[in-house]
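Subject: Structure handover

Hello,

Here is the structure we spoke about. My notes on it follow below.

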Amino acid sequence: MEKIGFVGGTGDLGRAIAIHLAKHYEILVGSRSIEKAEETVSTILREKPGKDYLQENLRSAENRNVVESCKIIFLTVPHENAIETIRSLVSNFLGGQILISAVAPVVKVGKEFHSKFDSSGKSVSQQIAELIPKSIKVATAFQSVPAHILYEERPISADVLVACDELETYRIVSELISKIEGLRPLYLGTLDLSGEIERLTALVLNIAIKNKLKSPTPKFNSF
Ligand SMILES: NC(=O)c1ccc[n+]([C@@H]2O[C@H](COP(=O)([O-])OP(=O)(O)OC[C@H]3O[C@@H](n4cnc5c(N)ncnc54)[C@H](OP(=O)(O)O)[C@@H]3O)[C@@H](O)[C@H]2O)c1
């Protein structure tokens, strides 16, 4: 069975995606601290009793073990810590993997949410791609998926935009997304477009507060 890992898997988004993918894959819930990873897995098992696949497929790990051993890695840490986290792990990557960044560089400015890119203007995904070995393919996805809806396993109908440079990477990432009921993968284009996806988080947060919508998420119609 394919092994999928989460760097920062103890947070809201990591655990939310993890519980769905655990139906199909072995999952490493990664953390900077093994104790926190173990505690998170115990909490999930306590909050979601009677699901054998969680018992069987959810494992705790340090972030280092995630990048050493998983074929597909999700990066689900706050944007302020994403680059330093990858930098600290860069020598541990196995190589030849796919790294899916769900990171969104969003900040609150007064009563609004803004996307904040650094002075280079590059997206978080582009910066990560420059740091890690070239054999690791970076994809951007999940920035507009509300974690709590997924974690609570409530019905959802959402499009998950994906940016990555190679169609083979998209094929693998879209297969994963399609395994989560209610999510539809849509290919946006190369990693040069990843900033457009990273901006979606500020977009949905502002739509939520300005229009009193609980958990808006984009769904594209075609006519
Ligand atoms: N929540 C959502 O609905 C949602 C939706 C779309 C996209 N996103 C994006 O997904 C990412 C994760 O969001 P989240 O809500 O899951 O975040 P979160 O719960 O605040 O944090 C996720 C994990 O990041 C790790 N972390 C925290 N501070 C760190 C640091 N200084 N260095 C390294 N790791 C650190 C922690 O794991 P350990 O302490 O165990 O190491 C934490 O459990 C963010 O970039 C966010 O913009 C979130």
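**Aromatic cluster**

F6, F74 and F142 form one aromatic cluster. This is a predicted model, in which local features need pLDDT of at least 70 and side-chain atom pairs count only at pLDDT 80 or more, while totals for chains, interfaces and linings use all residues. Residues are numbered from 1 along each chain as its sequence is written, and side-chain values use heavy atoms, with hydrogens and water left out.

Rings of Phe, Tyr and Trp (its six-membered ring) count as a pair if their centres lie within 6.5 Å; planes under 30 degrees apart are stacked, over 60 edge-to-face, and the rest tilted. By this rule there are three aromatic pairs. F6 and F74 are stacked, at 4.7 Å centre to centre with 5 degrees between the planes. The pair links distant parts of the chain, with F6 in strand β1 (residues 3–7) and F74 in strand β4 (residues 72–75), 68 residues apart. Helices (H or I, at least four residues) and strands (E, at least two) are DSSP runs, numbered from the N terminus.

F6 is buried, at 0% relative accessible area, and F74 is buried at 1%. Here buried means under 20% relative accessible area, exposed over 50%, and partly exposed in between (1.4 Å probe, protein chains only). F74 also pairs with F142, edge-to-face, at 5.6 Å centre to centre and 70 degrees between the planes. This pair too links distant parts of the chain: F142 is in the loop between β8 (137–140) and α7 (147–151), 68 residues from F74. Both F74 and F142 are buried.

**Largest pocket**

The largest pocket holds about 1,100 Å³ of space. On a 1 Å grid over the protein atoms alone, a pocket is an open set of points where a 1.4 Å probe fits, with protein on both sides within 12 Å along at least five of seven lines; lining residues have an atom within 4 Å of a point. Points are joined across faces, edges and corners, and the volume is the space filled by probe spheres set on them.

The lining has 40 residues, of which D12, L13, T76, V77 and P78 lie nearest the pocket centre. At least two lining residues come from each of α1 (12–21), α4 (63–69), α5 (79–89), α7 and α10. The largest share, seven residues, is from α5. By type, the lining divides into 16 nonpolar, 16 polar and eight charged residues, where Ala, Val, Leu, Ile, Met, Phe, Trp, Tyr, Cys and Pro count as nonpolar, Asp, Glu, Lys and Arg as charged, and the others, Gly among them, as polar.

**Individual residues**

N206 is in helix α10 (residues 200–211) and is buried, at 17% relative accessibility. Leaving aside neighbours within four places in sequence, N206 is in contact (heavy atoms within 4.5 Å) with E112, F113 and N211.

K179 lies in the loop between α8 (167–178) and β10 (183–189) and is partly exposed, at 31%. Not counting residues up to four places away in sequence, K179 touches L21, H24 and Y25.

Most residues other than glycine have a negative phi. E153, not a glycine, has a positive phi of about 60 degrees; E153 is in the loop between α7 and β9 (158–164). K212 has a positive phi near 50 degrees and is in the segment after α10, where K212 is exposed, at 76% relative accessibility.

Regards
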